[in-house]
Amino acid sequence: MPASAAHRSASSAAARLSIGQVLSALRDEFPDLAHSKLHYLESEGLISPERTAAGYRKYTREDVERLLFVLRAQRDRFWPLKVIKEHLLEHGLESEVTSIASRPGPTAAVQPVRLDRRGLARRAAVEEDFLEELEQYGMLSEGLENYGSAELEIVTSARELADVGLHPRHLVMLRTSAEREAHMIRSVAKPRDRPGDSAARGEAEDFARDLGESMISLHGVVFRTKLRDS
């Protein structure tokens, strides 16, 4: 094999990532991404990684870009997989998720953050004892070494409520309501999760996420209706 061809072949092989390397590369933006999710998206025809002779999946740069499009379309625009697949078949990766028509939903991606405890307090403009109070009432998980976008949003929202007199101790009902709703959704999604079947586990995770979005939408509408009626 000519030297130039051998170099191209080596470069091509080096550009292909294992599933673990893909998860590691996307961890900051999608900390909950798991093997099962990738297997599920593959089974649904959204991504098509190459396979080595030994059967290991290898992802190209184009595979990762396509995966990012799918994940962002789900997270930022609430597209179901059928809509994402149709869009990719028609347009490929030509359009940014946030620039094309879609179902209602946030138009901006949640920016990933990684903060220590002091950084979280500083970004949310609170004292560290406020974090302890949130932990005491179950609004913030204890023992975390690093905090992400969700924790930052919880602390910031709790601080805004505390500014008008609704302190963490007043939010216990909100927490218990969220826990009940999450338990209800998990119980509905669980039958779809078959032990040892990664694709089924990914399907169950997606199903639970979609149910969660529907629950959030319903909760918002009912809550606004009750505020209006009162």
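Predicted model: local features only at pLDDT ≥ 70, side-chain atom pairs only at ≥ 80, totals over all residues.
View 1. Of the 230 residues, 29% count as buried. The protein exposes about 14,700 Å², of which carbon and sulfur atoms supply 53%.

**View 2. The salt bridge between Glu29 and Arg72.** The side chains of Glu29 and Arg72 form a salt bridge, with an N to O distance of 2.9 Å. Glu29 belongs to the loop between helix H2 (19–26) and helix H3 (35–43), and Arg72 to helix H4 (residues 61–77); the pair therefore ties together parts that are 43 residues apart in sequence. Glu29 counts as partly exposed, because its relative accessibility is 21%. Arg72, at 29% relative accessibility, is likewise classed as partly exposed.

**View 3. The salt bridge between Glu42 and Arg57.** Glu42 and Arg57 are joined by a salt bridge whose closest N and O atoms are 2.5 Å apart. Since Glu42 lies in helix H3 and Arg57 in strand S2 (residues 57–58), the pair ties together parts that are 15 residues apart in sequence. Arg57 has a relative accessibility of 22% and so counts as partly exposed.

View 4. The side chains of Arg175 and Glu179 meet in a salt bridge at 3.3 Å, N to O. Glu179 counts as partly exposed at 42% relative accessibility. Salt bridges with shared partners also join Glu29, Arg72 and Arg75 into one network. The whole structure holds 11 salt bridges.

Conventions
Residues numbered from 1 in each chain as written. Heavy atoms only, no water. Buried < 20%, exposed > 50% of the residue type's maximum accessible area, 1.4 Å probe, protein only. Areas by Shrake-Rupley, 256 points an atom, 1.4 Å probe, with all protein chains shown as cover. Salt bridge = Lys/Arg side-chain N within 4 Å of Asp/Glu carboxyl O. Helix = DSSP H or I, 4+ residues; strand = E, 2+ residues; numbered from the N terminus.
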